[in-house]
Amino acid sequence: MSDFLKSSDPMELWLTTLKNYVNEELEKVCENLKTEVPARLLESISYSLLAPGKRIRPILAYFSAASVQGGNLALETLRKVTPAALAVEMIHAYSLIHDDLPAMDDDDYRRGRLTNHKKFDEATAILAGDALQPLAMDLLATEIGNETPEIAVQAVQILSRGAGALGMVGGQMDDIYFSPDACRPILPMTLLGCFPTLSGEFCQKELEKFGNSSRLTELRALESMQDRKTGALITSAVMLGGLIAGASEEQLFRLGLYGQYLGLMFQITDDLLDATSTAEVMGKKVGKDTDKGKTTWVNHLGIEDSRQYVERLATLAEEEIGQDAFQDATPLISLLKYVAQRNH
């Protein structure tokens with residue numbers, strides 16, 4: 001198999017190359033819908049799905065697949081993972097459309113542009129988000145199901161649970177009605193239900209490590225909400241890439257935990273950027289969480305302790321994908337450093 005990217009290639013090359021590739025594939029999806037979808041609906045879908053972005057979630061699927069297969073990303077693997085990568089981005093795009101609505105976060109701008117409901121109208125934005133969800137599942141069922149039906153079933157399960165009430169949507173509800181009594185979910189187990197070939201002792205040890213990773217006991221409700229709201233879809237992306245690349249159950253289990261740690265890193269760095277960056281750099285209003293009185297990491301820990309927690313989570317995530325389980329997880333390890341140091 002010829003390699004599309006090598007583990008020795010610079011991180012920036014991986015990110016740029018895969019971002020451009022994902023953008024091209026998303027454009028093809030929108031183009032293929034032209035004869036079947038009402039024009040205004042497709043315009044609204046395309047507006048958000050093709051909006052400028054880092055494409056981290058679909059890229060994660062490729063990084064995970066490469067790590068499972070020895071560090072390099074083969075061209076054949078790239079093609080096999082692409083339906084899952086695009087499906088994850090569709091779910092992410094829908095979530096942003098709905099997040100920005102007046103009933104949710106009530107934002108006027110996203111990535112430096114008018115939000116979907118401001119560009120079109122609320123009804124159109126809601127329907128665009130609604131449409132992206134089944135489009136994502138149809139892509140998995142059709143593109144993966146035609147070749148490997150059993151993998152497609154697992155893929156739909158991973159993404160639907162990560163995106164739905166058990167995961168992202170549940171986290172959004174927790175965010176709106178925040179409760180200090182929320183219990184931290186163990187999402188890697190929730191996503192696949194069980195890992196029958198793994199020993200109970202191993203699972204318990206790793207899950208206890210995850211559950212005890214909290215910075216402070218009183219922050220577990222905040223972690224619980226963000227494990228779902230941000231971490232679940234990131235976990236889905238990581239697990240989907242591993243699943244399609246042929247990960248063992250232990251590798252898939254570890255990838256799930258890696259995704260949870262990474263998801264929390266994303267959310268804490270988002271809170272840090274919201275508190276320290278500018279609207280010009282971020283492409284959206286900053287400081288809005290504080291203005292609304294929302295619970296954030298910076299509010300609880302302060303800036304320096306929040307940064308230290310990010311480093312702690314990065315260490316735990318890297319331990320999950322060390323050489324005992326993966327021959328070369330350079331892409332996923334490099335991404336941890338990228339997230340910890342990101343400035344937008």
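Predicted model: local features only at pLDDT ≥ 70, side-chain atom pairs only at ≥ 80, totals over all residues.
**View 1. Tyr 21 and its neighbours.**
Start with Tyr 21, which you will find in helix H1, spanning residues 11-32. With a relative accessible area of 14%, Tyr 21 counts as buried because that value is under 20%. Leaving aside residues up to four places away in sequence, Tyr 21 touches Tyr 62, Leu 78 and Thr 82.

**View 2. Two buried cysteines, Cys 30 and Cys 203****.**
Here we turn to cysteines. Cys 30 is buried, with a relative accessible area of 4%, and Cys 203 is buried too, at 10%. As a reminder, a disulfide is a covalent bond between the sulfur atoms of two cysteines.

How many cavities of 30 Å³ or more does the model have? The count comes to one. The largest cavity holds about 120 Å³ of space. It is lined by 14 residues, and those closest to its centre are Ser 48, Ala 51, Leu 96, Asp 100 and Arg 110. Helix H2 (39-49), helix H4 (75-99) and strand E4 (113-114) each give two or more residues to this lining. Helix H4 provides the largest share, with four residues. Sorted by class, the lining of the largest cavity has six nonpolar, three polar and five charged residues.

Technical notes: Residues numbered from 1 in each chain as written. Heavy atoms only, no water. Buried < 20%, exposed > 50% of the residue type's maximum accessible area, 1.4 Å probe, protein only. Contact = heavy atoms within 4.5 Å. 1 Å grid on protein atoms, 1.4 Å probe; cavity = no way out; pocket = protein on both sides within 12 Å on 5 of 7 lines; lining within 4 Å. Points joined across faces, edges and corners; volume = space filled by probe spheres on them. Nonpolar A, V, L, I, M, F, W, Y, C, P; charged D, E, K, R; others polar.
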